[in-house]
Amino acid sequence: MATTDAATRLPRALKPFADGQYRLLVVALTFSLFSGGCWLVASVWQVVQLGGSPVDLSLVAVGASFGLVLAVLFGGVAADRIPQRRILLACESLRGLAFAAAAVLALTGTIEVWHLAVIAFVLGVADGFFYPAYSAWLPAIIPADELLAANGIEGVLRPAVMNAAGPAVASALIALVAPGLAFLVIAVLQVGAAISLYLMRTTPVRRDLDGEGDGERRHLVVETFLDLRSGFRYMVKTRWLFATLMFSILLILVIMGPIEVLLPFAVKDQTGGGAGAFALALAAFGVGGAIGSLTVASLKLPRRYLTLMILGWGVGCAPLAVIGYTSQLWVMVIALLITGFLFSGASVVWGTLLQRRVPPSMLGRVSSLDFFVSLAFMPISMAIAGPIGETIGIAPAFLFAGLVPVGLALATLLIARLGPDELAHPLDDLPPDADGGDDAVTGAGAAAGFDAPSDEEAGRERRAGG
């Protein structure tokens with residue numbers, strides 16, 4: 001009762017903090033994001049100190065993205081079958097070992113670019129299991145009407161910690177000693193993430209698949225394949241999901257390479273800045289993202305959530321066009337601040353959309369398909385960014401990355417005709433006091449399969465009854 005009263009007194013954007021389990025999850029996520037932010041700068045500047053080129057940095061970036069794409073589908077299947085807490089704990093432990101290996105190699109002076117690529121691959125694999133499990137676990141921890149706020153909190157933490165605080169600390173450590181010290185610090189920080197997850201309770205996994213438990217048990221490989229097939233079938237048959245993911249896959253192809261591979265060289269070559277300037281550029285994106293996420297989390301879900309979400313992603317990329325044409329760091333900072341604001345705000349809506357409209361038994365696989373399909377071209381984008389930057393120059397590459405997404409967003413909205421769908425399925429159709437009843441996806445009851453999913457059929461039944 002005290003927890004309920006506390007949640008009532010808290011502002012809309014902070015209500016999830018009334019739950020002790022959620023607070024532990026946020027602590028673990030903060031440690032993890034901080035480590036990831038430090039890695040972003042430390043790994044880049046380790047490549048630079050080794051005399052690497054954009055092609056070498058592409059190799060490291062491809063390692064991470066290839067590991068993510070390779071693992072994420074299996075991560076989705078695992079998230080729908082294995083208690084998500086165990087998956088997250090294993091992922092954070094693996095990340096800690098990878099950071100420790102990087103620290104030993106760097107501090108002993110034996111590290112090479114290919115070492116960083118292999119470590120980045122391992123980190124990508126860990127992320128491929130982490131994100132589907134996190135997405136599938138969150139609705140089992142907090143009430144459905146707090147999911148937007150929780151996604152907003154993550155949306156604040158991810159840019160503020162991963163793109164601002166982590167890079168800032170990493171750049172300071174690099175200035176003091178070398179990237180090896182940053183690797184050592186983030187290896188230690190992973191212990192905090194693991195301890196926080198260890199202190200949490202394990203919730204049961206919801207398995208509500210048609211016919212499960214009937215007949216003889218299939219081989220694990222067959223069951224995995226069938227799970228993947230059902231996830232793909234759901235994605236293709238669900239128009240709003242399929243259209244958004246097709247837009248995402250093209251968006252990632254266009255923007256990820258320039259951001260991940262060419263931005264450090266744009267900062268270094270055009271402004272004369274070092275690790276600190278690069279960290280400031282990442283921090284600008286992070287601060288903008290934090291403000292955008294907090295803004296969206298503090299408001300009611302927009303009625304035209306699909307339209308605003310896709311426009312937010314598409315139009316949010318437009319400021320990238322100026323990065324290649326300026327020698328002023330402050331111009332890059334403002335451009336990245338605007339991009340972060342719009343991009344992260346749209347992402348908060350997307351995370352809530354998945355958790356509110358996808359059946360709980362399918363959420364792990366759909367979350368993994370979200371990552372897999374939208375990131376399928378990420379290794380290609382990163383692999384070609386370096387050679388393209390050296391061939392045509394950084395300026396044309398960023399111009400392309402800024403303007404093309406706007407056209408893609410408009411084309412998606414026109415072709416997919418998502419307007420009627422978003423009007424027919426409002427995300428705020430649960431009553432404000434939803435607490436795990438018949439229509440809510442929330443709490444251990446939902447995770448165990450005792451409560452009905454808040455899917456599209458339930459929404460139609462409510463509207464028909466009203």
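Guide: Buried means under 20% relative accessible area, exposed over 50% and partly exposed in between, with a 1.4 Å probe and protein chains only. This is a predicted model, where local features need pLDDT of at least 70, side-chain atom pairs count only at pLDDT 80 or more, and totals for chains, interfaces and linings use all residues. Residues are numbered from 1 along each chain as its sequence is written, and side-chain values use heavy atoms, with hydrogens and water left out.

Visitor: Why is Trp 313 called buried?

Guide: Its relative accessible area is 6%, and the cut-off is under 20%, so Trp 313 counts as buried.

Visitor: What makes the pair of Phe 247 and Trp 313 stacked?

Guide: Rings of Phe, Tyr and Trp (its six-membered ring) pair if their centres lie within 6.5 Å; planes under 30 degrees apart are stacked, over 60 edge-to-face, the rest tilted. Here the centres are 6.5 Å apart and the planes at 20°, so the pair is stacked.

Visitor: And what is the pair of Trp 313 and Phe 343?

Guide: That one is tilted, with 6.3 Å centre to centre and 50° between the planes. Ring pairs also link Trp 240, Phe 247, Trp 313, Phe 343 and Trp 350 into a cluster.

Visitor: Why does Ser 43 count as buried?

Guide: Ser 43 has 7% relative accessibility, so the buried label applies.

Visitor: Which residues does Ser 43 touch, leaving out those up to four places away in sequence?

Guide: Leu 116 and Phe 183, where contact means heavy atoms within 4.5 Å.
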